[in-house]
Amino acid sequence: MKQAVAILGSTGSIGSSTLQVLDSLADRFAVIALSAHSNHELLTSQINVYRPRFAAATDDTAYNALAESLPDGDTRLLRGSSGLEEICSSDEVDIVVFATSGVSSLSALFCAIEHKKKICIANKELLVMAGALVTAHAKQYNVPLIPVDSEHSAIFQCLNGGGRDHPIKKIYLTGSGGALRMRKKELLEGVSPKEALSHPKWKMGKKITVDSATLMNKGLELIEARWLFDVSPGVPDVVIHPEAVIHSMVEFVDGSVLAQLASCDMRLPIQYALTYPERVPSLVDTLDFSAIRSLTFEEPDTERFPCLRLAKEALYAGGTASCVLNSANEVAVHLFLTEKIGFMDIPAVIEKVLEKHILKDGCSLEEILRLDTWARSQAYEAAARLRRRAVM
Ligand SMILES: NC(=O)c1ccc[n+]([C@@H]2O[C@H](COP(=O)([O-])OP(=O)(O)OC[C@H]3O[C@@H](n4cnc5c(N)ncnc54)[C@H](OP(=O)(O)O)[C@@H]3O)[C@@H](O)[C@H]2O)c1
């Protein structure tokens, strides 16, 4: 019997790669639901190919366009976050892939947990913003959260190899260093969106590619690892590894280190999450060890890339700090991509919002969503102040 897979965020980079994996494993999986935010043209073509039982658009304009253009058929069209929740509650769905960006699918994640779906999670912002709540909920319902992010998939695979009960000493999250690893500090100010988006190793969505250039992506991943693997803040750390062959490593208490190596292709961690605990042949190129001349490692430079320092501070502060960090970062990256602020204004905006925020522990989902709105408006204000200062 085929397993029915819902992809929330099917029009994005992870969503499209997930569809390729499902195409290659069509004897095991069937697509039951697809969703987009605003890209109704791509969602329409995906619906025409996969004829899913459900399709959802979270943006009202996109929903209206789809409602007008979709021919009568077997696909039920759903709207907004409640549409995503309906997909996650349906008895017809076995697996949900969270390939959306941002916080909007948080309530759908809670639904998927309550309905005991197999959950493959790429969306790191959900764990950064509400890691304590999400993981407590998953524990309560005894539902594992299977990582899709390549580093966390690598850690998950190392833990499976090392034996779950073996105590972990350290987790090393590797990162290529992003597009600007070699850029001098004084030249970072003038970096354009195009430069920040030219990642040397991975082809990803725009927001995560800018996060890679600022090293915020590694910071978000530290927080994601803290929650996914239930470790204290001092356990995960970052190592820059420009060749991007090792996707992360785990050191056990006996000093033994296990690493996961593979080509830079998200279809591998996506497939591992879908077929876990099985491994099956994949579309991914095997590593050519004769072409890999060396594997090198560096300390991350938090002076040139202060976003990583800010994320580490939020990780140690706990409570609401990582939610504020994430919301302010989303606004700052959006303003950078639309050329309203400069590259080095990204950490400046985030730091201003974090300074204004009053740390709180043990928040409810509603409080987190309210804080998200507050942090976003503070980030816009901080960016406007920076712009005013720059023209004076
Ligand atoms: N790309 C990677 O290789 C990679 C690797 C590891 C982890 N991740 C994580 O995976 C997530 C997705 O990344 P991505 O690179 O695939 O992003 P992306 O290409 O920007 O795609 C995001 C997807 O989410 C949808 N979406 C956007 N805003 C939404 C909203 N407000 N409500 C509901 N859906 C919304 C988009 O729809 P539209 O197309 O209509 O805008 C699209 O389908 C992120 O959390 C990222 O950090 C990505």
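Colleague: What share of the 392 residues is buried?
Modeller: Buried residues account for 55% of the 392 in the protein, where buried means under 20% relative accessible area, exposed over 50% and partly exposed in between, using a 1.4 Å probe and protein chains only. Mind that this is a predicted model, where local features need pLDDT of at least 70, side-chain atom pairs count only at pLDDT 80 or more, and totals for chains, interfaces and linings use all residues. Residues are numbered from 1 along each chain as its sequence is written, and side-chain values use heavy atoms, leaving out hydrogens and water.

Colleague: Which secondary structure does the protein have?
Modeller: There are 16 helices and 11 strands, taken as DSSP runs (helices are H or I, at least four residues; strands are E, at least two) and numbered from the N terminus.

Colleague: Why is the protein called as compact as a globular protein of that length?
Modeller: Because its radius of gyration is 21 Å, close to the 21 Å from the globule rule for 392 residues. That radius is taken over C-alpha atoms, and the rule is 2.2 Å times the number of residues to the power 0.38.

Colleague: Why is leucine 261 called partly exposed?
Modeller: Its relative accessible area is 35%, so leucine 261 counts as partly exposed. The residue sits in strand β11, residues 257-261.
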